[in-house]
Each structure stands twice: as C-alpha cells, then as structure tokens.
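Please open the model in your viewer and follow the stops below in order, selecting each part as it is named.

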Amino acid sequence: MANQMGNAYALTLLCPIRHGVPQQCPEGLGGQTSAACVRYLLQDVMRVSLDSPMAKVPNTYLSRFYILEDVPYQGKPAKLEHLGSNYLVFCADFHGDLDTWLTGMWNAIQPEICGLLQYCFGFESVHDCASFITWIKKCQVETTFFFDGSTDEPLAVQLKNLYLKQEFSKFVYANQGNGPETIQANFREFVALTQPDNIDAPTWKPGAYGLDKVVSGLKTQGAG
Amino acid sequence: MISKLDLPDIQGNIVKAYGRYGFPRARYVFYQINDSTKGRKFVENVTPLVTTSVPWSEDKPKNVPAVAVNIAFTYQGLKHLDIPDDTLHGFPDEFAMGMKARRDIIGDNGPNHFEHWDKIWNDPADKFSQNVHVLIGLNAKEEGPLEAAYQQICGILAATGGVTQLVGHRGANGVEDLPYQSAIASDSNREHFGYADGISTSYFEGCRESARYVVGGGKPTGLDPTTKEGWAPLAAGEFVFGHADESGAYPEAPGPPLFSRNGTYMVYRKLHQNVATFRTFLEAEGSKFGDVETFAAKLSGRWRNGAPLATFWTKESANQFVAELGALLEKSRLADAGQGQISDAEKAHLAELRLQLTAYDYNDDTTGAKCPFSAHTRRTNPRSALQFGEKKPFDTPGALSNRRRILRRGLPYGESPANTTDADEHGVIMMIVNADLSRQFEFVQEQWINYGNDFRLSNDQDPLLGNNGFNENGRGKGRMLIEGDSQTNRSPYFCSGIPTMVETRGGDYFFVPSMTCLRMIAMGIVDPT
C-alpha cells in the first residue's frame with residue numbers, strides 16, 4: 001500500500017513556494033525571493049545536527065528537505081518543460097500514522113516549521129494544528145519509497161536496540177577468552193549498566209551521530 | 001577489445017613485476033627540475049636507457065637488460081617540463097593534487113601524515129608543496145650493474161645540469177640523508193612480517209606474461225575458479241591508456257592521444273612496517289587464539305608460507321602443499337640447469353600445484369569459516385567475496401571488483417632481525433599501477449583497507465594495512481572478527497586492540513609515459529591543439 005509499510009509511514013510533500021519577494025524575510029535577506037529565504041532557513045535553522053528541529057519531532061526515522069527549482073532538460077528529443085514555481089520537497093519516514101506524527105511535529109517545532117512554510121502558497125490558512133494537518137495533506141504525493149535503514153519499531157525502541165548492539169559488541173571484544181564465571185559476572189554488570197528493559201535510558205539521542213555524544217554530552221564527534 | 005599491445009612502446013614496469021624475473025634489487029631516485037630546457041635534455045638522455053615491456057625469454061637473451069630502467073613524472077614535474085596547460089588540464093584532480101593533498105581519502109593521517117615522511121618529500125619552505133618531480137627506478141639482479149647504471153645516470157645529470165637529485169631518504173641509522181631509496185627482496189621472498197610475497201597480481205589482455213598468472217589475477221568468467229577456464233584477462237584499459245577498459249570505454253586521459261596512449265599512473269608509497277609491534281601482537285593474540293601461525297594466516301588470508309587459506313584450511317595441509325611445491329620447483333630448477341631430470345608426470349603435477357596458489361574464490365566459504373571476511377587478501381582482491389554466496393547475482397561475473405583491480409609492483413626495503421625495533425628502517429616500497437587513481441587505488445585504500453562496509457564489517461579496517469590508530473592508553477583501536485566454523489565447532493574470535501602495523505613514510509602519484517611520449521616531452525612537441 002502506498003505510504004505505509006507495517007508501522008512505518010513514508011511522507012512525501014511537494015509544497016509550492018510563492019513567487020517573488022516576500023514582505024517578511026530573515027535578517028539580511030531583504031529583497032531576496034521566497035525560495036532564497038526557504039533555502040537560507042534550510043541551511044541555517046533546519047541544518048542537520050544534533051540540534052536540528054527535526055530531531056525533536058517524535059518517532060522520526062529520517063527526514064530530508066530540498067528545493068526543486070525546475071525539471072532538468074535532457075536534450076532532444078525530450079520536450080523542454082518548466083515548473084510553474086519552485087517547490088519545497090519534504091520527505092520523512094516515521095513510526096505510526098500521519099495525523100499523530102504531524103501533531104507531534106506541530107507541538108515540538110511549531111515556530112521553526114511555520115517559519116519555513118510561511119513562504120509556501122496557501123500557508124496563510126494555517127492557524128492551528130488541525131489546519132496545519134489539512135494544509136500538509138494538500139501537498140502530499142503518494143510514495144512507495146521507504147528508508148531502508150530502519151525497521152518499523154517506535155524510534156525509542158530502535159535507538160535502544162542500536163545502543164545495546166553497540167555496547168554488546170564492546171562487551172564481546174572485552175570479554176574474549178574470559179572463563180564462564182567471569183563472563184557471567186561481567187554480563188550481570190553489563191545488564192545493570194545498559195538496562196535493556198529501560199527503553200528511555202541509557203540510549204542514543206535522536207539526531208546523534210555517535211554514542212560518545214550520548215555518554216559525554218559532547219557535540220564534537222567522538223574518537224570511537 | 002584489443003588482443004595485442006604495442007609492448008615496445010610501453011614501459012617495462014607496467015607489464016613486469018621485476019622481482020618475479022630474478023631482479024630483486026632496486027634503487028628509486030627522485031629529482032627536481034629547475035630548468036625546463038635542461039630538464040627535457042635530461043629526459044632525452046635517459047630515454048634510450050628505459051626498459052620496455054618487450055617479453056623477456058631465454059631464446060631472446062638480448063631482450064633482457066642487466067638493469068631495468070624506468071622513469072615517471074608527478075604533475076608538477078610535467079609542469080616544470082613545459083607540458084602545455086591544455087594537456088595538464090586533461091589530468092584528473094587526484095593526479096594534479098598529488099598524494100599529500102589526498103590524505104583524508106587514502107587514510108594518510110595520524111602516524112601516516114606527511115609530517116612523518118622522509119625529508120625528501122617535505123620541502124622545508126612549504127611542506128604542502130609537491131617538490132618531487134621525477135622518479136627513476138632501477139632494478140637489477142646484481143649490485144654491480146645496479147651501481148653502474150646509477151652512476152651512468154648521475155653522469156647524465158651532471159652533464160645536463162638544471163635538474164637536482166633530491167637527497168633525504170631515511171637510512172638504517174635513522175638519518176635522512178640518503179640520495180636514493182634502496183629496496184631488496186629477501187632470498188625467501190618474504191616481506192618483513194614473514195609472509196611470502198608477490199604471489200598474485202592482476203593480469204590483463206595483451207600483457208604477454210605467463211598465461212598461468214591469469215588464474216586469480218584475471219577476472220572471473222563464472223566457470224570453475226579452480227581451473228584456467230574460470231578466469232579471463234582484464235581489459236588492458238584498466239592499466240594502460242588508449243585502450244578499452246572493462247566498461248568498454250577509453251580511460252580518461254589528457255590529450256593529445258599520442259601523449260597519453262600506452263602510458264599509465266604509478267602510485268609510489270614507502271610503507272614502514274612496525275615489525276616489533278607486529279611480532280609482539282602476533283605472539284600475544286595468536287597464543288590467545290590458539291595457534292600463532294594459524295592466527296597469522298587469518299590476518300592475511302594466506303599462510304605465511306604462501307598457501308591460500310581458502311583452499312588449505314589447516315596448517316598441516318598448507319605445510320604439506322608448500323613442501324611438495326617447493327621440492328618440485330627445486331627439481332625443475334635443477335633440471336633446467338642440466339642437473340638431474342624431471343618427468344612429464346612431475347611437470348604436470350607441478351603445474352597443478354602452481355595453479356592451486358591462485359585458483360580459488362570464496363563461493364564455498366560464505367561464512368568466513370576458512371578465510372575471514374576481514375583478511376587482508378580477501379579485502380584487497382575480493383574475487384567472489386562480494387557476492388556473499390549468491391549464484392550469478394550479476395550479468396557480469398566480478399561486476400563489483402573488476403574495476404577495482406591494481407597491478408602490484410615494488411619490493412621490501414631494510415632489515416628486520418630478531419631483535420629489531422619499530423624505529424628500525426624497514427618496510428615495503430609499494431608501487432601500484434592503474435589507469436584511474438580514484439576508481440582503483442584510492443577506492444581500494446579508502447573503502448577496502450580503511451573501511452569495512454562492503455564486506456559487512458561496519459567500520460573495521462584491514463588488520464594488517466589499516467590505519468588502526470591508538471586510544472589514549474596506547475592500545476591499538478583496530479578490531480577484527482575471525483568467524484567461527486560450525487563444522488569444527490570452533491568459536492568465533494573477536495580480536496581487538498590491533499595496533500597500526502604499517503605507516504606511510506612517503507610517496508606520490510606519477511605518470512608513466514610511453515616511449516613515444518618520452519621522446520615528445522624531450523623534443524618539446526606535445527601539442528594538444
């Protein structure tokens with residue numbers, strides 16, 4: 001079925017960006033087009049990082065924004081065609097149903113997402129979560145493409161799985177050659193430290209590149 | 001596809017691994033061009049000495065030189081010889097940038113960083129610059145002719161002027177003052193970690209090397225890999241410009257066509273081996289594993305005596321194979337020298353045994369029980385390893401590896417006695433020939449040596465060649481999974497703490513011109529218009 005595979009949902013949006021120069025634009029971008037403002041926000045506020053607003057949206061496996069300026073022309077005998085406007089393309093894979101996820105997005109990053117989408121056609125009709133969901137669905141196109149790197153489990157379960165897998169691999173290397181009693185004792189300690197039944201902690205943080213950041217809280221990439 | 005190459009136009013080191021021809025001694029000499037006119041004169045005077053790829057055979061002894069001489073140029077070298085800009089711009093970025101500037105891609109950071117390279121590679125005024133312009137390689141059987149050829153070239157240099165021989169290779173005393181890099185293969189053909197070397201290298205169409213090297217050196221045909229029918233020569237364009245490559249296209253090369261045709265790239269890398277570290281690690285970890293020699297084989301994919309692990313799973317079978325092969329090779333050698341005889345049956349058996357050195361793939365070892373996925377030779381020449389047991393997954397057998405093949409040239413340098421230390425001067429001069437530095441050498445270095453994803457090994461590195469690094473306690477950070485064997489009930493072994501065993505100590509990317517191109521450079525008539 002389009003858009004859904006098990007408990008995983010793939011969302012693809014094509015949001016038409018307004019023509020011309022907007023009345024309000026980010027500082028320093030006066031006189032620039034709406035598309036330029038959107039691109040600036042993608043490269044600044046929405047930039048991929050541990051602090052990316054998208055990392056705060058519950059149950060998000062992966063998301064990607066880009067601007068589709070036009071369709072490429074591949075030369076004759078293809079027909080030369082153009083889009084009527086620039087489009088903000090947004091793709092996301094997440095756990096659960098669309099309305100729940102969009103509600104989570106609205107609650108988590110409303111200022112950032114509205115700041116971005118205000119440059120799109122018809123967004124002035126959005127004034128609350130319900131109208132936000134209605135507007136988003138108008139931009140939706142069906143897809144059967146899913147991000148291959150995850151299962152359809154809730155994000156917290158997947159992050160805990162990753163954490164346990166990584167820590168268990170370290171445990172195996174550290175205990176190579178130990179006797180059964182030592183391994184058993186060390187495994188008890190491992191279980192106590194990693195708390196496999198506790199989904200929330202310790203674990204990876206959404207948006208993190210590596211475990212070192214989780215443990216140390218450092219933003220620089222760990223040496224491991 | 002071509003079936004014949006113009007071998008008299010192609011430099012000899014492209015086709016021949018000189019060590020295999022009983023030329024175990026080498027000197028690598030580097031130069032800087034200060035005056036382009038005199039530089040071209042130097043090229044003109046050296047060119048007649050250059051050895052070509054014409055086959056050497058006993059019925060044509062005149063083809064076999066006392067010393068094999070070859071010459072190659074960096075991008076800056078070509079620039080200093082007044083090669084036109086339009087031709088220079090035809091070279092791809094990686095060649096123009098040179099090895100130092102590609103360090104993040106090929107893993108030359110940490111102890112491999114060029115700050116630690118021999119002085120010759122680092123101009124004190126600008127360490128980022130490419131001050132080496134020309135490489136002349138000399139290979140010989142004996143020291144006498146080698147010295148004579150070296151002196152002859154020194155004489156040419158003195159007479160021509162305008163070219164400086166660069167001094168500053170690190171010597172046995174640790175001082176960086178040597179005028180050339182020496183290299184020599186040991187009598188037993190073992191490199192410093194004790195592995196038999198130079199067993200397999202890529203084999204391409206029209207090279208006229210012994211047909212037996214196509215086995216394991218060519219590309220898979222989809223037929224039985226333990227037979228000659230299982231292998232076919234790689235397209236010449238993978239290694240020589242101006243000929244179709246495995247994609248059916250000509251490799252990217254600068255114009256005019258005559259400038260690049262029959263030329264190629266050679267990667268020169270001085271790789272220091274931390275022999276003491278390797279020995280300590282091998283003893284300690286091998287003892288824990290259960291058997292030191294078997295552990296050494298698991299790291300490499302070959303037993304240290306040369307027998308391939310994929311075919312010879314036990315130490316006993318490997319030892320028996322090599323003993324039998326060695327005895328027959330000796331008998332054959334004596335018979336050739338007129339001492340004793342070798343029967344036709346023995347000759348046929350010898351041919352069979354030789355075949356077994358290289359006639360295998362990994363289709364019957366899809367769990368890594370015999371040869372680990374991470375073993376050095378399974379990584380760098382994966383044969384069928386990237387199919388993961390699927391039968392005929394691609395229309396082209398070897399589709400994932402045919403375009404990542406390289407020719408291995410070069411020899412070990414220095415000595416590694418029993419009491420050696422890491423600080424001693426020893427390693428291997430690695431010379432790699434390919435037509436596309438980025439697609440071939442750099443890919444193998446980046447993806448197959450310093451990463452593991454293609455082999456489903458996450459970010460594990462090649463245990464022997466990987467830039468494994470050390471943690472804050474000085475413990476190696478390398479890891480390797482030695483897969484278990486369900487048939488013998490052997491558990492998997494999780495090897496950690498692997499130190500950096502090999503460090504880069506110098507090198508660059510060189511263009512190896514054809515004989516025609518050398519003459520065009522000398523005459524100053526390269527014209528891309």
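A crossing of two helices is left-handed if the near helix is turned anticlockwise from the far one by less than a right angle, and right-handed if clockwise. This is a predicted model, in which local features need pLDDT of at least 70 and side-chain atom pairs count only at pLDDT 80 or more, while totals for chains, interfaces and linings use all residues. Residues are numbered from 1 along each chain as its sequence is written, and chains are lettered from A and ligands numbered from 1 in the order in which they are written.

Helices here are DSSP runs of H or I with at least four residues, strands are runs of E with at least two, and both are numbered from the N terminus; axes are lines fitted to C-alpha atoms, for helices over the stretch in contact, with angles running from 0 to 180 degrees between N-to-C directions. The crossing of α12(B) and α13(B) is left-handed.

Now show the side chains where the two helices meet: among them are B:Phe321, B:Leu325 and B:Leu328 in α12(B), and B:His349, B:Leu350 and B:Leu353 in α13(B), contact meaning that C-beta atoms, placed from the backbone, lie within 7 Å.

Turn next to the boundary between the chains, where 5 residues of chain B are in contact with 4 residues of chain A. Strand β14 of chain B, residues 493–498, supplies 3 residues, the largest share of the side of chain B that touches chain A.

Finally, select B:Ile136, which touches B:Val29, B:Val46, B:Val69, B:Ile71 and B:Ile153, not counting residues up to four places away in sequence.
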